[in-house]
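The sequence and structure are shown first, and the notes follow by topic.

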Amino acid sequence: MSHAWLPTLDCGVALGQVEEVLRRDGLVRIAGFPANTAHLIGFVSGLGTPLGYYGGDAGTHADNGAIWQVKYDPEASSRGEVHAVDGPLPVHSSQALREPRPRYFCMLMVDPGWQDAQPGYNGESLLVRWSDALQEISQRKPATYQSILETLLRSIRHPDDSLRSIAYRLADMRNDFDFGVRLKSDLLAHLRDSAPEDPVTSVVTQFADAAQRMARRVQLEAGDLVLVDNDRWGHGRESTVGRRRTATGDWLANPRELWSLTIA
Ligand SMILES: [Fe+2]
């Protein structure tokens with residue numbers, strides 16, 4: 001399905017055009033991309049350096065450690081491995097603790113899996129422009145927006161014990177709400193656990209909620225490769241149905257499979 005906010009190019013387009021759209025719109029979809037790890041690495045290497053996943057080996061593709069294979073797996077899911085769960089993934093940044101900030105996040109839909117569940121359970125991708133979330137807060141809470149922004153720009157204690165701000169200034173800021181954002185996927189759970197009464201926890205909750213409200217949804221098709229500016233856009237996913245029982249009583253796993261990469 002086409003969306004005005006998600007510019008779509010055909011596979012085979014010149015890399016310069018991809019970079020131009022990324023600069024202008026912050027994201028781009030390339031349709032008809034083959035599910036071939038070598039081809040994918042070759043293509044994205046034109047944009048920068050594919051980074052290894054920094055959270056350990058769980059979920060990395062056997063062909064290449066820079067590709068994270070997101071696919072439901074009941075055993076890995078029960079161990080809480082994010083790549084294998086069927087629940088929702090709230091919007092977040094790629095490799096939020098990496099400095100300097102990786103420039104791009106990419107995902108290739110290999111198999112969209114089951115598409116017949118109610119909306120919100122088909123693994124729909126979520127993409128949010130962080131400036132939309134800040135603008136939404138400024139409109140809904142004009143009196144407190146400035147202090148919320150200042151809190152987001154201040155360093156806070158992250159799960160790895162480092163001090164980093166969530167929002168940061170961009171050298172080529174384009175409007176009043178155009179800040180870079182690093183939102184680690186488990187930051188909110190960490191803050192609620194370690195500092196439930198801290199006003200920072202409430203501010204991060206408000207920001208994450210606004211981002212979730214402003215997220216756009218797209219059901220990617222097999223062969224859709226989406227590249228996003230990792231400073232300005234967050235990504236996430238609605239739930240999927242992990243497995244189903246067949247008429248004969250056997251469990252069948254959802255074939256949904258997505259490959260993701262981070263580019264420095
Ligand atoms: Fe992610």
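Are helix 4 and helix 7 roughly parallel or roughly perpendicular to each other? The model is a predicted one. Its helix 4 (residues 130-140) and helix 7 (residues 199-214) pack at an angle of about 115°. Angles of 65 to 115 degrees count as roughly perpendicular, and helix 4 and helix 7 are therefore roughly perpendicular to each other.

**Helix packing**

- The axes of helix 4 and helix 7 lie 8 Å apart.
- Helix 4 and helix 7 cross in the right-handed sense.
- On the helix 4 side, the contact is made by Trp 130, Asp 132, Ala 133, Glu 136 and Ile 137.
- Helix 7 contributes Gln 206, Phe 207, Ala 210, Ala 211, Arg 213 and Met 214 to the contact.
- By class, the residues of this contact of helix 4 with helix 7 comprise seven nonpolar, one polar and three charged.

**Strand 16 and its partners**

- Strand 16 spans residues 257-263 and is mostly covered, with six of its seven residues buried.
- Strand 3 (residues 68-71) pairs with strand 16 in the antiparallel sense, over four bridges.
- Strand 5 (residues 104-111) also runs antiparallel to strand 16, and seven bridges join the two.

**Residues opposite Ser 260**

- Ser 260 of strand 16 has Trp 68 standing opposite.
- Met 107 likewise stands opposite Ser 260 in strand 16.

Note on methods:
Residues are numbered from 1 along each chain as its sequence is written. This is a predicted model: local features need pLDDT of at least 70, side-chain atom pairs count only at pLDDT 80 or more; totals for chains, interfaces and linings use all residues. A residue is buried if 20 or more other C-beta atoms lie within 10 Å of its own, exposed if 12 or fewer, and partly exposed in between; C-beta atoms are placed from the backbone. Two strands pair if DSSP finds at least two bridges between them. Axes are lines fitted to C-alpha atoms, for helices over the stretch in contact, and angles run from 0 to 180 degrees between N-to-C directions. Angles under 35 degrees count as roughly parallel, over 145 as roughly antiparallel, 65 to 115 as roughly perpendicular and the rest as oblique. A crossing is left-handed if the near helix is turned anticlockwise from the far one by less than a right angle, and right-handed if clockwise. Two residues are in contact if their C-beta atoms, placed from the backbone, lie within 7 Å. Ala, Val, Leu, Ile, Met, Phe, Trp, Tyr, Cys and Pro count as nonpolar, Asp, Glu, Lys and Arg as charged, and the others, Gly among them, as polar.
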